[in-house]
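Biologist: Could you take me through a few local features of this model, with the criteria behind each term?

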Amino acid sequence: MATSRVLEKLTSRARQTDELADVVVAAESRDRANVPWYVRLRAWVFCLTFLLLAECGMRVVFDGTLCLQDQRFDNFPNPAALDAYVGQIKRDRAMRVVVLGDSVVVGPSLLDMDQTIPAYLEQALKKQNPGRDIHVWNLGIAGARSADLYCMLLKVLEAEPDLVVLESNFMMYTMDIHTRPVANTWLAYSLPAMPESIRTLVPERDYKRRIDETATWFVERNCRLFGLRQVFNSMVFGVQPRSPFETPNPGIMVATKLGKILGKLPMEPWNIRGITPATFVDNYEHPVRQGNLNGRFYPVIMDELRRHKIPAFIYMTPQNPAIIAGHLPESVYRYNLRAAAAFTTAPDFPSRDYSTLLPDNLFYDNDHLLAAGNNALAERIAQDMQPLMKTALAKSARALALAGDAHEDRNVHK
């Protein structure tokens with residue numbers, strides 16, 4: 001009896017296991033048979049379609065418009081953004097003025113884009129030359145040394161601008177930049193051919209880093225969604241504090257914009273912000289000598305401009321007189337100014353030294369300016385470069401007329 005009960009239990013368990021297996025197998029078979037493979041992939045297809053449409057939209061905007069003309073390149077510095085900038089400058093049919101410089105040209109992040117030196121310069125030039133279409137492009141980049149500006153110029157020359165405004169900063173001559181003579185090394189690395197004079201100043205990359213950067217830049221330059229993500233975020237959400245640029249945060253951007261609108265993030269003069277001259281003592285401790293590392297590339301830049309027959313206006317940006325007085329005796333300051341100005345002085349390039357132009361109440365710190373300071377400096381630049389502008393405008397008008405005649409000739413021959 002006991003044996004029969006054991007056999008009966010084993011038989012019952014086996015029967016239940018078979019029935020469960022039949023149910024599971026049957027359910028899987030029915031699901032697989034009734035759901036086609038393309039239905040299973042429709043979520044992926046939807047996502048890919050959305051990304052493709054977004055990529056097409058980004059290309060239409062950035063490759064077919066001049067949407068970057070009122071932007072600041074420094075808000076999103078990378079090779080893809082620089083390519084987009086150069087492409088738009090090249091397509092621009094207005095008189096094209098490109099401003100190269102450091103963070104003073106960029107302007108503090110809390111300033112609106114229409115309160116920067118290039119923005120005010122465009123307004124002043126249009127006022128002085130009524131009826132002429134003039135665009136000023138802001139290609140300033142934070143911390144730029146003359147080596148950085150040289151690399152930037154080599155890229156900008158692809159667009160053949162009508163005129164270049166080149167900034168020089170006295171503070172950069174008195175700082176110790178030997179440990180970092182090129183502040184934005186990606187500018188040099190991304191050039192098709194890096195000049196030998198630059199190659200000796202940038203650290204050699206190992207094999208892994210070269211592969212990583214080459215692959216990253218290839219993707220960014222060929223996919224607008226990746227390469228211009230900072231540009232998109234900045235244009236839609238606003239500007240965020242200076243770093244990290246590579247990880248734009250829309251939340252911080254929106255909060256910054258709201259703070260500016262509500263007056264919670266005001267732009268105030270340096271002394272009201274609690275800054276003292278001692279804060280910048282290290283920035284003015286080195287004398288300016290003939291072999292100054294920052295000054296050495298300005299003559300090289302001018303040679304490149306001559307070779308491409310592009311006119312340029314060069315200026316030394318103002319310094320906060322109260323902060324300068326706290327570190328440099330008047331005679332030492334004047335001597336260093338003359339030494340620094342020698343790097344940017346050439347008979348065929350008009351240049352001005354505005355180091356002592358503005359009072360200290362127009363400064364945000366030692367060299368960055370408030371909106372009123374940017375406006376005053378821009379108007380002075382426009383006034384001093386007006387003779388150069390007239391020549392450049394006449395040349396630009398002739399070039400456009402010749403291009404129009406050539407286009408008509410081609411149409412006639414067709």
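This is a predicted model: local features need pLDDT of at least 70, side-chain atom pairs count only at pLDDT 80 or more; totals for chains, interfaces and linings use all residues.

Modeller: Residues are numbered from 1 along each chain as its sequence is written, and side-chain values use heavy atoms, with hydrogens and water left out.

Biologist: Is threonine 174 buried or exposed?

Modeller: Threonine 174 is found in helix α8 (residues 170-174), helices being DSSP runs of H or I with at least four residues and strands runs of E with at least two, numbered from the N terminus. Buried means under 20% relative accessible area, exposed over 50% and partly exposed in between, with a 1.4 Å probe and protein chains only. Because its relative accessibility is 0%, threonine 174 counts as buried.

Biologist: On which side of α13 do its buried residues lie relative to one another?

Modeller: The buried residues of helix α13 (residues 229-237) are Gln230, Val231, Asn233 and Ser234. They cover an arc of only 165° around the axis (taken from the directions from the helix axis to the C-beta atoms), which puts them on the same side of α13.

Biologist: Which residue of β4 is the bridge partner of valine 164?

Modeller: Strand β3 (residues 163-168) and β4 pair in the parallel sense over 5 bridges, where pairing requires that DSSP finds at least two bridges between two strands. Within β4 (residues 312-316), 5 of the 5 residues are buried, and the bridge partner of valine 164 is alanine 312.
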